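Have a look at the model first, then read on.

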Amino acid sequence: MIPMYVLEMKKNLKDKGLIFWTLLLPIAFIVVFASIFGSDTTDQELTLHYVDTDQSDESAELLQEISTLENVELVKEESYANSVEQIQSGQMNVLFHLPEGFSNDGSAHLYYEQVREEVAAPMIAMLENLRYGLQAEEQYTLAQEEWEDAAMVAEFFTPPFDISYEAQDSGGEVDAITHLIPGYAVMFTFFIMISMVTSFIKDQRSGMLSRLAATPLAPLQYLGGKWIAFITIVFLQVVILLLFGYFVYDITLGNVPAITAVSLLLALTATGLGLGLSLVVRTENMGIALTQVIALGGAIVAGLWMPLEFMPSFIQTISVGLPQYWAHQAFLDVMSRGATIVDIWPSLAMLLGFSMLGAFIAWLSYGRYVKHAN
């Protein structure tokens, strides 16, 4: 088994494609998506273009109120007609118009391109909150003028219930980066199946498998040596990606024995299923196609790209049947909630079960695999 392991490691370390799939591509994905989703959105400004046709004290007061809101930038436009044309052509996202007569009836308009409704949604929410806030202030002032009893005024404007918002410390850090990095680490481990399929088919077609079959080398020694080599590669891949997140994005790794156990079981699972796939498929193209389905399809359904809470209920139900789900949940428990090996043992047991399933399929398929060797 050891010579088989050494031989497989030497072949894989010379494979530039393996380096690309295991390290370069996942790091590129992490950097790109971390720059998109990992920035602090609380500092991002909403740009509100406006045209004040009314030019009244009332319109000026409203614009002054809007300008005092946090993270809102007002941009004055001179031409109402030209601004509407820019909205229709997609050159401008939203336009706030205070028409002539605003001081009399208080009617204003917000224009936005129909296909960019999601861009206008934050601006609509901001203006609605401001509108109801100013209405409440005006009503409170009128009530104070009409009623002499201050306690009655205060009681009348007291909401029927109160809510306190308390974030509970889970012992870790929960943010987009902490969700993203282990998600991509899990997803890209399954691309090792491409290299495994290629390696096994090369052995089958080159005549090497036939020569090995004529030696005292047992099937388990052949499969075990190659399997352990790929386990080593994937384990190192996961460790490097997590350390990249730790040093570059300052993510919390959590309990070291627990994060090590998850990384090892994930490597065992991805390569175990890859072992089964490699002995079942007959061509490299079929192996690559199935790997894409397993890696990308599993990433979507298992919630590696976005939290499962945002996905339909039937997807959430299906996700628990995928190894990616259990690996990702284990990583999040350790990194975000300070979980230990004892806390994540169900996830570890599920990953071990998936890896044994792949190994069992490979063992059953070994005879047919050798039979078709050149």
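1. Arg-131 puts its charged end over the ring of Tyr-132, 4.7 Å from the centre. Lys-226 does likewise over the face of Phe-200, at 4.8 Å from the ring centre. The test here is NZ of Lys or CZ of Arg within 6 Å of the ring centre and within 35 degrees of the ring normal. Keep in mind that this is a predicted model, with local features needing pLDDT of at least 70, side-chain atom pairs counting only at pLDDT 80 or more, and totals for chains, interfaces and linings using all residues. Numbering runs from 1 along each chain as its sequence is written, and side-chain values use heavy atoms, with hydrogens and water left out.

2. Ring pairs come to 13, taking Phe, Tyr and Trp (its six-membered ring) with centres within 6.5 Å. Tyr-222 and Tyr-366 have centres 6.2 Å apart and planes at 55°, so they are tilted (stacked is under 30 degrees, edge-to-face over 60, tilted the rest). Helices are DSSP runs of H or I, at least four residues, and strands are runs of E, at least two, numbered from the N terminus.

3. One aromatic cluster is made up of Phe-29, Tyr-184, Phe-188 and Phe-191.

4. Back to Arg-131: with Leu-62, Phe-102, Gly-106 and Leu-134, Arg-131 lies nearest the centre of the largest pocket, which 20 residues line. Helix α6 gives the most to that lining, eight residues. (A pocket is an open set of points on a 1 Å grid over the protein atoms alone, where a 1.4 Å probe fits, with protein on both sides within 12 Å along at least five of seven lines; lining residues have an atom within 4 Å of a point.)
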